[in-house]
Amino acid sequence: MVKGEKRSRTQDLVSRDYTINLHKRLHGITFKKKAPRAIREIKKFAEKMMKTSDVRVDAKLNKHIWHRGVRNVPHRVRVRLSRKRNEDEEASEKLYTLVQHVEVEGFKGLHTEVVTDV
């Protein structure tokens, strides 16, 4: 981006689908800490990709991570990261990221995709 050039408001609000490999992020983690660490790693990934410090995890994604218990976390998870405008008046950040679970059959051949209809 060139100095003085303004970004459009529609570019700020974007949704993308990512596959997160939790297996490599949780390697060597104690059994009883795996699911909580997985949620933290997903938040860290979303913060890095969307460049917002306010990250909110959807209840459906949380359920999916925990559905096999604290120690048997899925190896991979497909998520939709949506950067949205913060409606709260006294919020320090004007944008936040919502992380939602996307159901898929398999992970072979999937790439990062920009989602147009949210």
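Buried means under 20% relative accessible area, so E41, at 11%, belongs in that class. Keep that cut-off in mind for the close-ups below, which all come from a predicted model.

**View 1**
E41 pairs with R37, their closest N and O atoms being 4.0 Å apart. E41 also pairs with K44, and in that salt bridge the closest N and O atoms are 3.7 Å apart. Helix α3 covers residues 34-50 and holds both E41 and R37, which sit 4 residues apart, about one turn of the helix. K44 and E41 lie in helix α3 too, 3 residues apart, again about one turn of the helix.

Side chains of opposite charge can pair when their charged atoms come close. In this view, the side chains of R80 and D17 form a salt bridge with an N to O distance of 2.8 Å. R80 belongs to strand β3 and D17 to strand β1 (residues 15-21), so this pair ties together parts that are 63 residues apart in sequence. D17 is buried, with a relative accessibility of 5%, while R80 is partly exposed, with a relative accessible area of 24%. For context, the structure holds 4 salt bridges.

**View 1. N86 in the loop between β3 and β4.**
Take a look at N86, which is found in the loop that leads from β3 to β4 (95-101). N86 counts as buried, because its relative accessibility is 16%. A polar atom of the N86 side chain lies 3.3 Å from the backbone oxygen of E93. Setting aside neighbours within four places in sequence, N86 is in contact with D54, R56, A91, E93, K94, L95 and Y96.

**View 2. H75 in the loop between α4 and β3.**
Our last stop is H75, located in the loop between α4 (59-66) and β3 (76-85). H75 is partly exposed, its relative accessible area being 45%. Beyond its neighbours within four places in sequence, H75 is in contact with I20, N21, L22, H23 and R68. R25 is 50 residues away from H75 along the chain, and the C-alpha atoms of the two residues are separated by 9.4 Å.

Terms used: Residues are numbered from 1 along each chain as its sequence is written. This is a predicted model: local features need pLDDT of at least 70, side-chain atom pairs count only at pLDDT 80 or more; totals for chains, interfaces and linings use all residues. Side-chain values use heavy atoms; hydrogens and water are left out. Helices (H or I, at least four residues) and strands (E, at least two) are DSSP runs, numbered from the N terminus. Buried means under 20% relative accessible area, exposed over 50%, partly exposed in between (1.4 Å probe, protein chains only). Contact means heavy atoms within 4.5 Å. A polar contact is a pair of N or O atoms within 3.5 Å; within protein, one must be able to donate a hydrogen and the other to accept it, and residues adjacent in sequence count only if both atoms are side-chain atoms.
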